[in-house]
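My plan is to look things up a piece at a time and jot down what turns up.

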Amino acid sequence: MVRLITHNLLACHVKGCNTNNFPLEFRDVQIELREAEFNPEFLKGFMPKIEWKALVDAARQLGDTSLPLEQPEMLDDDFLKNLHHVLLEIHVEEGIMTCPNCKHDYPVLNGIPNMLLAEHEIG
Amino acid sequence: MAPKAVAPAVVDEDPQAYEDKNVHAIYDEIASHFSSTRYKPWPIIAAFMHSIATGWIGLDAGTGNGKYLPLPLDRPTDILTIGLDRSINLLRIARNAGDSSATREVVWGDVLGHGWRSGVFDYAISIATIHHLATHERRIQAVKRLLESVSPLHGRVLIYVWAIEQDELSKRQIPTGDGNSDRIGRDVVVPWVLSKKTAAAGKETLEGQVEQPVFNRYYHMFAKGELPGLVHEAAKDLGIQVGQRPMVLSDISTIRRGVEIVQDGWERSNHYVELRCWEISG
């Protein structure tokens, strides 16, 4: 699955592509929404690892504008529920993720992102 | 069941091409049957997953059918493990591992790749995977990738590989190697006989018997001490000290990053190590 929680971790790893290689940009995506169990303690633990701007931008690309542009300091329930939805309930089933730097395309097929590289691209 | 014969192997071509033929293509063929035989998590791995703090995310490098993705069973939403594998057919099974209504996070990729932000994971496991890499250098590289994937401050890593030293319940007969192999391990192929049920759709011989296809998977069987040796070599390449975090910081010490081997053991025909990263800031 590519949910936005995973998208926030993925970076391009083509040989020599070491800067501006995150976040991958979505294109031609099909999404599905699936409910997941809400666990605020997980979200609070995960928050420090989030690249916030990348998450907000990706959510907006997928049509969700519920997150504030700045990561809030007060974690109220409404915010955590929005964060939960964005990170864990939006599934990208099909589409392409493109590196902003080298423009390498990583396809998503049947919910599985293909991060394999050809032999000459391996760093 | 007759003991499965394990035959010596020689890797005499490009290791990537060799692994493609002798590991990856085979797992794609046997995925469904293989998965049906791999459902019970090993206790030390289950305990490791149980000890992971709430809010942590991890990488399962070589997830196979994803049997570790649903752990810990008593608080499954407290952590999130992302499964990485080279076999797309195993990943299709891993997607719904443990509960067909749940969707797991899986990524199609190579354990020698690093398609992540460096250090973004809190933990990583690699179970029964690194022994499928066909050269010593590639096995070091795999350990480096694990160390690079986890947080330098607190990252935890668990690695399992197949041992030369087999337990008495093992069905396998291991060929004796030359004198060196007790130190450097042994390259072998292990036959996988596709079950009659799975193979029934396949060929029939003249006698009307169903032929069971046999696939020979490549393994590097690890010698005792070889796995912690890989950790030392990987850490050296990355400029990381191996050992405990110093209790007292001296001003003259230049050591800033380290990895401690907190467990180095053997269980059920496998060697394993558990690692813990540390970093001194400032």
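**Ground rules**

Before I follow any strands, I note that two strands pair if DSSP finds at least two bridges between them. Helices (H or I, at least four residues) and strands (E, at least two) are DSSP runs, numbered from the N terminus. This is a predicted model, in which local features need pLDDT of at least 70 and side-chain atom pairs count only at pLDDT 80 or more, while totals for chains, interfaces and linings use all residues. Residues are numbered from 1 along each chain as its sequence is written, chains are lettered from A and ligands numbered from 1 in the order in which they are written, and side-chain values use heavy atoms, with hydrogens and water left out.

**Entry: strand E3 of chain B**

I began with strand E3 (residues 57–61) of chain B. Is E3(B) enclosed or open? Five of its five residues are buried, so the strand is largely enclosed by the rest of the structure. Here buried means under 20% relative accessible area, exposed over 50%, and partly exposed in between (1.4 Å probe, protein chains only).

I reminded myself that in a regular strand the side chains alternate between the two faces of the sheet. In E3(B), Ile57(B), Leu59(B) and Ala61(B) are buried on one side, and Gly58(B) and Asp60(B) on the other.

Next I looked up the partners. E3(B) pairs in the parallel sense with strand E4 (residues 80–85) of chain B, over five bridges, and Asp60(B) has Gly83(B) as its bridge partner in E4(B). E3(B) also runs parallel to strand E6 (residues 123–127) of chain B, joined by three bridges. There, Asp60(B) stands opposite Ile125(B).

I then moved to Thr63(B), in the loop between E3 and E4 of chain B. Thr63(B) is buried, with a relative accessible area of 4%. What does its side chain meet in a polar contact? The side chain of Asp60(B) is joined to it at 2.9 Å. A polar contact is a pair of N or O atoms within 3.5 Å; within protein, one must be able to donate a hydrogen and the other to accept it, and residues adjacent in sequence count only if both atoms are side-chain atoms.

Pro72(B) is found in this loop too. The peptide bond from Leu71(B) to Pro72(B) is cis, with omega near -5 degrees.

**Entry: strand E13 of chain B**

Strand E13 (residues 270–279) of chain B is mostly covered, with eight of its ten residues buried. I found antiparallel partners for it. Strand E7 (residues 156–162) of chain B is joined to E13(B) by seven bridges, and Ile159(B) stands opposite Val273(B). Strand E12 (residues 257–267) of chain B is joined to E13(B) by ten bridges, with Glu260(B) opposite Arg276(B). In the hairpin of E12(B) and E13(B), two residues lie between the strands, and Arg268(B) takes a positive phi near 45 degrees.

**Entry: the nonpolar cores**

Which residues have the most contacts inside the largest nonpolar core? I noted Leu83(A), Ile130(B) and Ile159(B), in a core of 71 residues. Helix H4 (residues 77–88) of chain A gives the most to this core, with six residues. Apart from it lies another core, of 23 residues, among them Val6(B), Trp192(B), Leu194(B) and Tyr219(B). A nonpolar core is a set of buried Ala, Val, Leu, Ile, Met, Phe, Trp, Tyr and Cys residues joined through side-chain atoms within 4.5 Å.

In chain A, a cis peptide bond joins Phe22(A) and Pro23(A), with omega about -10 degrees. Pro23(A) sits in the loop between helix H1 (4–7) and strand E2 (25–33) of chain A.

Asp28(A) has a positive phi of about 50 degrees although it is not a glycine. Its place is in strand E2 of chain A, and Asp28(A) is exposed, with a relative accessible area of 58%. Lys103(A) also has a positive phi, of about 70 degrees. Lys103(A) lies in the loop between strand E3 (90–98) and strand E4 (105–109) of chain A and is exposed, at 51% relative accessible area.
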